[in-house]
Amino acid sequence: MQGTVLLGPNSDVGRALVRSDHVVARARLQRWQQQLPGAIAVELVCHLTEPGSSASLGHAAAMLELASELRIPAVLTNQVRYLDPDDALTGDVLDAAGALRPLDELPVQPNGQAWLKPAKRMHALAELIVARTGLGGHARDRLLATTSELAERCMLDPDKDVRWRQPKTPEPEALGIRDDPNLVLRRRCEAALSERFPDAVGESRRVLDVRLRDELGTIEGFGFATYFLTVADVAELIRDRGIRAQARGSGASSLVNYLLRVSNVNPIEHDLLFERFLGHKRSTLPDIDIDVESARRHEVYRAIFAKYGSSRVTLLSMHSTYRARGAARDAGLALGLDEHRVDEIAKSLWRFNAGEFRAVLEQKPELAQLATQARGDRDLNLLIDLAERLDRLPRHLSMHPCGVLLGNASLLSTTPVQPSGIGLPMSQFDKDDIDDLGLLKLDVLGVRMQSTLAYSVGEIERLHGPQAAVRGGLAPDTPYVSAQGKLVLDEIPKDDEATFEQIRTTHTLGMFQIESPGQRELIGKMQPDVYDDLIADISLFRPGPMKGNMVTPFLEVKHGFATPNWLHPSFRPFLRETYGVVVYHEQVLRILHTCMGISLADADELRRRMEKQGEDIEELFRTKTRRNVDERGRRRFTDAQIDAIWEVLRGFGSFGFCKAHAAAFALPTWQSAWLKTHYPAEFFAGILTHDPGMYPKRLLLGDARRMGVPILPIDVNASTREFVVERVRATPPGWATRRGDLGIRLALSDIRGITDPEIDRILQQRPYESLGDFIARARPSRPLAERLALIGALDSLESQTLTRGELLAAVRRAPRAKPRETSPDALELPLQLHGSHAAVEASGAPELDSRERVQAELEVLALDLSEHVIDGYRPLLDELGVTPAEQLASLRGGAEVIVAGVRVATQTPPMRTGKRVVFISVDDGTGCADAAFFDEAQERSGDVLFGTPLLLIHGTVRRTGERGVSVQAESARDLKRAWEEYSLLAQHRVP
């Protein structure tokens, strides 16, 4: 189909006519006509702007006359920007946000005419335009007819033009496949059966063969074999580069994915159902998501592009939309308000929709002060109005965090693309557009925990080599640790009691999925002792199960305080793992299958319908279940049982969780917990380098110290770009690593303001013998050298008797080093000029006191190393009787306490009651104290609730289970403000 180029009011032709330069306009239009014969149309737009301006009535008429003169088709549009006239102001605000300039510096729209006008109004505009010309009435009919004809040409036929819902995967030859893809897939899976299940014989092998036959039959029926082979090809591509990868989501339910090594979750071991992943009624490609190391995600993307070519691959985009905080920032920018004030307003807003701005102001106690200001502040009122207008509108198009589109050679004819932030092309389609277009969306998600695991394994091998197993407290002949010390993390056992005990302590910081305050509380209640408990824990800690009250009965039965309710004896085999509580989608499928006598695939379709229209299928469920009889014609389910089962199913519709998802999450959960148990120093080095969790590094460092891992300061002769493990003392031969044997050296990359070239020079030029040697060869900027001196990174270069004040003074006196100039062909050898730099002499500059050291560490590293920042407030804390976090577990429930610390986490998860509960965690150097703020506590705490970094929290101890402990808050205060008041009172006290 031939395309058409529209030349509108802002084209070179239109601009010439605005200037009434008809000669130039005519010449330009003729040039277009010559270059694209038959593919040009003149676009008329009449926004009834001022005479003589673009899109005015006279301008539209002049363009129509010129088109008629040169016999070029003309069409009428309204260049629509918004749905209603009232949205014109919103369009201007979006323009300001896009230009990063206030409205008074931009050419705003002259009026509000660029809205979606009905046909009647557009016909009236056509009358006006033609009446302004000398072309006669027939010109109006021709204009409308040409417009209608072009509009029809622009309409796409879903089946003919885009092959609607038909899979568009890479051609077999692009995958190196010459035979039938179905045959290739079958051969690969059958060959992998013996490799993945070497001990399967007899009945267990027969079960595997039947499962594989059924899965391959479904895949072949859909024509998805090439899709599975493509995903397997990508997974192999990732593994061949030495990058950790793990499938997640319902794809873990597939035996085929397990055999192709797309997934490391054994669906047979965990009783996962293929039908939850791919039922026989699915019409679009199923999702198979792959988690990779976040640090190497872009490397994976580039490898996929290199393998399949840019004609078959593009990244996916994401339409970021406005919520309250972003809307407030862009509305403030459009109004030209003070940047600092807008920033304060935006930071005070906590996760709500922009359209609710004014209503939320009156509801949230932490916004009471802002609400008061809004009543008398015209600018603030206008900001709120504009922010509400932006609610849920697209803010910008950005690269999707994980989506990669793989297609055939026609991909670029299906989706428009534009450059992404990393230079690779990305589709302009959103993720929700992809399924119906039949495009293969492969989610290659960069997960920091995968980078952490890979880094930890590398540190274990680097440090211990052949002694790796013994150093981790394992047997020397452990099969999943090679002779060279390479740990195969995917093969570690899932019944390690030491790991379970570590989890049960609730010291789960750094453990994937189970480190949040709520998860630590649930772990304390549950006390997991088998791997299935972890899968259940991850499933229960979701909004649905929490609201559906699934947690309490699960825990009561697990700990023997209640007996399980199996609903029906036939359900016991698949409800045993969750103690009679229906938690997983897979259990619902089995219930529907057992009750109604339908296939598991039909059961999944029914489950999906239940989530949307539960009441509509109740009669179907009851009828089929009543008709379910045994071989003697007796009903298998009584009416009372049917009532009880339906009550559970009806409630489950909104609350359940897919077990395959949880099983995929549980694998890195277990792996991270196992590493923290057996190799804590190496594991902490990994999480500090790749920062995978929800907590700041200062809290992780405190947890490392608690486990006996010393924290070694930054040293320009020892630190690297990453956090590395160093041997602090020798471990006796044949012994496991003891507490204090290994320490973690802080990383240069954590220094505020340091650049990659500066890190490179420090690493390339060392070792350094003196401060002068370091300044001369590493050539740090003066601000960087001062920061290094402040945090002790230069202490090892000079006499240990020097104070940091003296080192800092020496840095400030040192002449700035200049790089030496050499000719391009000169051979330069590194010279060691020993003694060429004079030692720094004592100048009498004082040592930094403890508060100054902590302040310097916080400013340079965002870490407090020499002492905890809270220690500076010790006199006040002692007078108030503040309880250290580590002592909370020893207190009885209901005891009144005050805790203090640095805010490390704030959450407002969905609650069963629907009311907001704010969970705040504070770190005081001895551990983490978790506090829950209900309505009254939120009212009392006011604007301290969000944002205030140092907190005093008053409340009562809340005991939940054997080791679960938290604080039910009564109120919170700003610790800094309390200190100022305390210090002022102390000054006026009588000695």
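Predicted model: local features only at pLDDT ≥ 70, side-chain atom pairs only at ≥ 80, totals over all residues.
View 1. A nonpolar core here is a set of buried Ala, Val, Leu, Ile, Met, Phe, Trp, Tyr and Cys residues joined through side-chain atoms within 4.5 Å, where buried means under 20% relative accessible area, exposed over 50%, and partly exposed in between (1.4 Å probe, protein chains only). The largest such core has 134 residues, and Leu487, Leu592, Trp674, Ile751 and Phe774 touch the most other members. Helix α33 (residues 659–678) gives the most to this core, namely eleven residues; helices (H or I, at least four residues) and strands (E, at least two) are DSSP runs, numbered from the N terminus.

**View 2. The surroundings of Leu592.** Contact means heavy atoms within 4.5 Å. If its neighbours within four places in sequence are set aside, Leu592 is in contact with Gly597, Ile598, Ala603, Leu606, Arg607, Met610, Phe621 and Leu649.

**View 3. A second, separate core.** This one has 58 residues, including Leu175, Val256, Val292 and Ile304.

View 4. A salt bridge is a side-chain nitrogen of Lys or Arg within 4 Å of a carboxyl oxygen of Asp or Glu, and a search of the whole structure finds 66 of them. In one, the side chains of Asp291 and Arg248 meet at 2.9 Å, N to O. Asp291 sits in strand β5 (residues 289–293) and Arg248 in strand β4 (residues 245–248), so the pair links distant parts of the chain, 43 residues apart. Asp291 counts as buried because its relative accessibility is 6%.

View 5. Lys347 pairs with Asp343, and their closest N and O atoms are 3.2 Å apart. Both lie in helix α15 (residues 339–347), four residues apart, about one turn of the helix. Lys347 counts as exposed, at 53% relative accessibility, while Asp343 counts as partly exposed, at 24%.

View 6. Asp604 is buried, with a relative accessible area of 1%, whereas Arg608 is partly exposed, at 31%.

**View 7. A network of salt bridges.** Look for Glu127, Arg140 and Asp141, which are linked in such a network.

**Reading the views.** Residues are numbered from 1 along each chain as its sequence is written, and side-chain values use heavy atoms, leaving out hydrogens and water. Local features need pLDDT of at least 70 and side-chain atom pairs count only at pLDDT 80 or more, while totals for chains, interfaces and linings use all residues.
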